[in-house]
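Let's take a walk through a protein model together. Keep the picture open beside the text, and find each spot as it comes up.

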Amino acid sequence: MRRPPTWTATWIPSSVLAVLASACGDASQDWFADRSEDVGAGAVNGEIALLDFDADGRLDVFCTGTGEAGGAMLRNLGNWRFESVANGVTRRSWSACLAFDYDGDADDDLLVLGSGFGLFRNEGGTGFTDATIESGLHQEAAGEAAVAVDFDRDADLDLVVVRSEAHVIFRNDGDGTFTRLDSTRSTISAPGPTGADFDHDGEVDAFADIALAGSAVACGDLDDDGDLDLVESRPGRGLVFLENVAEKKGRWLGLRLYDQRGCWAIGAEVELTTKTGTMRRRCLAKGFSGPACDPRVHFGLGGTGEVHEIRVRWADGTQEVFAKGVRGVYKNLHAGLGQLRD
Ligand SMILES: [Ca+2]
Ligand SMILES: [Ca+2]
Ligand SMILES: [Ca+2]
Ligand SMILES: [Ca+2]
């Protein structure tokens with residue numbers, strides 16, 4: 001049986017309240033509808049990664065687990081239906097996860113962290129293979145959080161891992177292995193999430209405040225209708241799926257940014273200029289302390305909704321200007337092509 005379209009107060013996750021308190025005051029109950037019973041995700045509980053592991057265009061959800069399963073992969077079937085699929089992540093207690101394409105074959109692989117590292121290679125959407133030993137990461141001690149960033153600008157994604165409040169860099173050697181660099185590199189600042197506009201008014205709705213202690217949050221368009229939904233892992237409840245039903249105050253534009261290999265252009269930054277100003281977003285899977293996010297870059301366009309220019313600064317530092325955006329759709333931007341595509 002479906003829940004009513006809006007929450008009662010007892011259903012509202014505390015972390016989401018933190019977002020909405022600054023975004024819309026006491027109107028928060030009208031912003032999201034709880035879809036958890038439709039999804040039927042069960043009692044999985046841990047940190048969340050959003051990825052399209054089977055490349056069908058729908059954002060899937062991975063959540064770390066404890067006990068029998070190393071984690072749960074929920075394949076998005078559309079219309080708020082998800083199915084649990086085998087994911088190959090081995091039994092262990094993992095406390096953090098990151099989806100990123102470490103081998104540059106255009107599918108998202110999984111890094112899990114806990115008392116050690118686990119790296120699981122996506123086999124073209126059919127499953128994951130444990131690649132921890134061949135990557136050289138099996139000898140690493142605990143890691144608390146990670147982001148993927150191409151810090152040496154050689155086109156592959158390196159890792160910045162938080163360990164005992166220090167940042168440790170693992171260079172991607174481009175052959176499936178990683179090399180830990182010495183600690184003199186540990187001051188790198190890894191990018192964090194840059195914004196979520198839940199009601200499309202052109203203003204960021206306190207994205208950085210979403211994740212609170214004891215819960216993990218992910219933000220992405222899970223039903224592909226152009227607005228950002230939420231998934232929260234709540235201790236004692238499991239995954240809570242929240243559909244964005246907020247009244248929209250403007251149109252939207254979604255961009256899929258791809259590098260020249262056809263992989264997500266993680267780290268690329270978009271400047272979108274409208275009549276009223278310029279907004280910036282970054283293509284990112286996750287920040288250290290923020291929520292996991294949709295790798296598609298999403299803009300609420302506010303009142304005018306007119307897009308004058310889209311400027312992309314790719315991860316290698318080059319810049320490119322794309323033609324005017326089309327509103328209300330997802331478009332693809334490929335490095336070097338200079339035009340938006342369907
Ligand atoms: Ca998918
Ligand atoms: Ca891959
Ligand atoms: Ca690199
Ligand atoms: Ca949505």
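**Starting from one residue**

Begin with V321, which sits in strand β23. Keep in mind that you're looking at a predicted model, not an experimental one. Is V321 buried or exposed? With 10 C-beta neighbours inside 10 Å, V321 counts as exposed, because the cut-off for that label is 12 or fewer.

Who does V321 touch, if you skip residues up to four places away in sequence? Its contacts are E309 and R311. One of these names comes back when you look at strand pairing: R311 has V321 as its bridge partner in β23. The two strands involved are β22 (residues 307-313) and β23 (residues 319-322), and they pair in the antiparallel sense over four bridges. Together β22 and β23 make a hairpin, with five residues between them. Look in the turn for G317, which has a positive phi of about 100°. One last thing about V321: its C-alpha atom is 9.8 Å from that of L337, and the two residues are 16 apart along the chain.

**Stepping back to the whole chain**

Now zoom out. The chain has 342 residues, and 48% of them count as buried. Its secondary structure comes to three helices and 25 strands. Take the contacts between residues at least 6 apart in sequence: 55% of them join residues at least 24 apart.

How confident is the predictor here? The average pLDDT of the chain is 81, and 80% of the residues score at least 70. Among the elements, helix α3 (residues 132-135) has the highest mean pLDDT, at 96, while helix α1 (residues 14-24) has the lowest, at 44. Over residues 1-28 the pLDDT is below 50, and this stretch has 48 contacts in the model beyond near neighbours in sequence. Residues 207-211 also stay under 50, and the model has 21 contacts for them beyond four places in sequence.

**How the strands line up**

Strands of a sheet pair through backbone hydrogen bonds, either parallel or antiparallel. You can find both kinds in this model.

Start with strand β11 (residues 158-163), which is joined to strand β10 (residues 145-149) by five bridges, running antiparallel. To spot this pairing, find A148, which stands opposite L159 in β11. Next, follow β11 to strand β12 (residues 166-172): five bridges join these two, again antiparallel. Here V162 stands opposite H167 in β12.

For a parallel pair, go to strand β17 (residues 252-258) and strand β24 (residues 330-334), which are joined by five bridges. L257 has L333 in β24 as its bridge partner. These two strands belong to an open sheet of four strands, in the order β21-β17-β24-β25, with mixed pairing. Which strands sit at the edges? They are β21 (297-300) and β25 (340-341), and each pairs on one side only.

**Some loops to visit**

Loops are worth a stop too. Most residues other than glycine have a negative phi, and most peptide bonds are trans. Now look at A55, where phi is near 55°, a positive value in a residue other than glycine. A55 lies in the loop between β2 (48-51) and β3 (60-64). It has 14 C-beta neighbours inside 10 Å, so A55 counts as partly exposed.

W80 also has a positive phi, near 60°, and it too is a residue other than glycine. You'll find W80 in the loop between β4 (71-78) and β5 (81-85).

Finish at K275, in the loop between β18 (269-274) and β19 (277-282). Is K275 buried or exposed? K275 is exposed, since it has 12 other C-beta atoms within 10 Å. Leaving aside neighbours within four places in sequence, K275 is in contact with T304, E306 and H308. The C-alpha atoms of K275 and H308 are separated by 7.1 Å, although the residues are 33 apart along the chain.

Terms used:
Residues numbered from 1 in each chain as written. Chains lettered and ligands numbered in written order. Predicted model: local features only at pLDDT ≥ 70, side-chain atom pairs only at ≥ 80, totals over all residues. Buried ≥ 20, exposed ≤ 12 C-beta atoms within 10 Å, placed from the backbone. Contact = placed C-beta atoms within 7 Å. pLDDT = per-residue confidence, 0-100. Pairing = 2+ DSSP bridges.
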